[in-house]
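Let us read a protein model together, one feature at a time. Have the sequence and the structure ready.

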Amino acid sequence: MRQYRQCLSALVLCLSATGLQAQQSWQTVSEHVDFIEQPAKLRFYDSNQVLIQGEQCALLVDAPGEFTQTEVFIAHLKEQLRVPLCYMLASHAHDDHLLGLAMVQKHFPDAQLIVHQSLGENFHLAHEQLNERLDGFAKSLALSQQRMESLSELEQQPWREKIARAQTRFKQWQALRFSSPGKAISQPTELDLGKLKVELLPFAAHTQGDIAVLVWADKLLVGADMVDTLPYPGEANYQAWLMALEELSQLPVTQVLPGHGSVLVTSDLTKPKVWLEAIVAHVKANPSADVATLVAEFPKHYQPQGDELQQRAYTMFLEAGIKRAKHTLNKKG
Ligand SMILES: [Zn+2]
């Protein structure tokens, strides 16, 4: 999910507005696996992580994309590791999963970064994303500073300290750089963590390069954004995604860990599937309708009953999904 990037136009204000100080929750979900879930109010802004530990090695899937969260996350990670962190894996290239891994690399320089081949071949995009984020911070800080200076001396007081803190952080982050991936996969790949084998499954579904992780011994699947109950379909490969969900739902697993939201069970995989199918069917059935009409006329029973945040995400994701489906169908002619 990316809208929190818009938030960065006023970093300091934004940090307080979204309550980004909120804590991630570390949950031990099986013998070898910890699930690190974002607080509910941040579930559309930042990603969940997964830590898998064998007897010799640990594998981390994704890192929080919001850097203050990443710092907190890394401190916890160091406490939770029972074995060396040998691998870190980017489930896909979206900034809320990928960018924090640059900070994890700084703390764990010996851990090998694993990515999908499509990201590996275009890794300059990861560097660009990171630079863009850092430029965004610089601009936000300058803007916050300007805004503060326009206030009276008394009104400036509470902001002064916040901005100074943000500046200190920003200086540390400025030096962040990605190290190149150690492994880029395009085929199912087994990884031995020491008496624990995990399987990395590459797909082109939610993006051009997704990786799911199967932990056979624990009957657990790490599906990231591919399995979210309300997934972002703006870069969807619909056909491949639907096939992937079908394939994943056949696996002998009991728990499914999404990129956003709480722990799922296998039967929850029908939720994204049904919604994505409905988008494609709706666009196909109304080939001459424009995006606004398609959004307005999309069957209302798919609208989730959740809080305001969920409603906003739903509308935004639906529009992105409809645009993407129109684009895909037009290309096919
Ligand atoms: Zn994503």
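Predicted model: local features only at pLDDT ≥ 70, side-chain atom pairs only at ≥ 80, totals over all residues.

Q: How many helices and strands are in the protein?
A: Helices (H or I, at least four residues) and strands (E, at least two) are DSSP runs, numbered from the N terminus. The protein has 12 helices and 13 strands. Its radius of gyration is 20 Å, close to the 20 Å from the globule rule for 333 residues, so it is as compact as a globular protein of that length. That radius is taken over C-alpha atoms; the rule is 2.2 Å times the number of residues to the power 0.38.

Q: How much of the protein is buried?
A: Buried means under 20% relative accessible area, exposed over 50%, and partly exposed in between (1.4 Å probe, protein chains only). Buried residues are 56% of the 333.

Q: How do I read a helix with two sides?
A: An α-helix has 3.6 residues a turn, so residues three or four places apart point the same way. Now take helix H9, residues 238-249. In H9, Tyr238, Trp241, Leu242, Ala244, Leu245 and Leu248 are buried. They cover an arc of only 160° around the axis, which puts them on the same side of H9. The arc is that of the directions from the helix axis to the C-beta atoms. Gln239 and Met243, on the other side of H9, are exposed.

Q: What do the buried residues of H9 pack against?
A: Their partners are strands S9 (197-203) and S11 (220-224), and helices H10 (270-285) and H12 (308-332). Contact means heavy atoms within 4.5 Å.

Q: How do I read a strand?
A: In a regular strand the side chains alternate between the two faces of the sheet. Look at S2, residues 33-37. Val33, Phe35 and Glu37 point one way, Asp34 and Ile36 the other way, and all are buried.

Q: Which strands pair with S2?
A: Two strands pair if DSSP finds at least two bridges between them. S1 (residues 25-28) runs antiparallel to S2, with four bridges. A hairpin of four residues joins S1 to S2. S3 (residues 49-53) also pairs with S2 in the antiparallel sense, over four bridges. Phe35 of S2 is the bridge partner of Gln27, and Val50 in S3 is the bridge partner of Phe35.

Key:
Residues numbered from 1 in each chain as written. Heavy atoms only, no water. Expected span 1.5 Å × (residues − 1).
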